[in-house]
Amino acid sequence: MSSAVTPAAPSAAPLPSAPAAAPRLILGSSSRYRRELLERLRIPFEIDVPDIDETPLAGEAPEATALRLSRRKAEAIAVRHPGALVIGSDQVATLDGVQVGKPGSHERALEQLRWMRGRTVTFHSALCLLDGRSGEVHLEEVRTLATFRELGDSELEAYLRLEQPYDVAGSAKSEGLGIALLSRVESDDPTALVGLPLIALTGMLRRVGYPFFTA
């Protein structure tokens, strides 16, 4: 993967300039959905893509996997940008204690959706903020319970053809048409299911002194 850093391209109005006291903020992700979520905060940031092994460890709990990988992503970016604030994130979905990975194909996605229909899937969304000025690492996991509707195969097939969510854990993009697959979502943070818990992130940024609101 490329290690080039690019400024985030906002989808709406331009982002404001950073206050003089604000450190560089880098999102370590290739996900446009995480980028779009971070744009909601109206703060300037850059993007760099980590290149790490995301394979779960043997016997590793899902929340531990998500937390470990979010930290590894932040660390991989931080070594390239000393002194910056780096955001790493990862998400692991589970059902019946089994991790629900990215399907990678239409057939596998259909199999996943059949398995999950009418049932509640747990999404573990982990967040890491690494402060390159002090070396401090802030970690948090936000849990979301998503209950899937009882939909027939024809509807599931139609959804997959329309959205092709083959690179998303659980085969459902809740930020898009995949929300129609769900009957209920329970979480302390409505942005966690998409993959970047903004309530947790703003709390972390405030703890390290990031100036959100300036006169």
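The chain has 5 helices and 8 strands, where helices are DSSP runs of H or I with at least four residues and strands are runs of E with at least two, numbered from the N terminus. The model is a predicted one, in which local features need pLDDT of at least 70 and side-chain atom pairs count only at pLDDT 80 or more, while totals for chains, interfaces and linings use all residues. Residues are numbered from 1 along each chain as its sequence is written, and side-chain values use heavy atoms, with hydrogens and water left out.

**Exercise 1. Describe the order of the elements in the chain and the share of its residues that is buried.**

Begin at the N terminus, from which the elements run β-β-α-β-α-β-β-α-β-β-α-β-α. Then turn to burial: of the 215 residues in the chain, 48% are buried, a word that stands for under 20% relative accessible area, with exposed over 50% and partly exposed in between (1.4 Å probe, protein chains only).

**Exercise 2. Locate Asp90 and describe its surroundings.**

Start with the record, since UniProt lists Asp90 for "active site" in an unreviewed entry; such positions follow the numbering used here, feature names are shortened, and annotations may be inferred rather than shown by experiment. Asp90 counts as buried because its relative accessible area is 6%. Beyond residues up to four places away in sequence, Asp90 touches several others, among them Arg34, Glu54, Lys73 and His124, where a contact means heavy atoms within 4.5 Å. Finally, the side chains of Asp90 and Lys73 make a polar contact of 3.0 Å, that is, a pair of N or O atoms within 3.5 Å; within protein, one must be able to donate a hydrogen and the other to accept it, and residues adjacent in sequence count only if both atoms are side-chain atoms.
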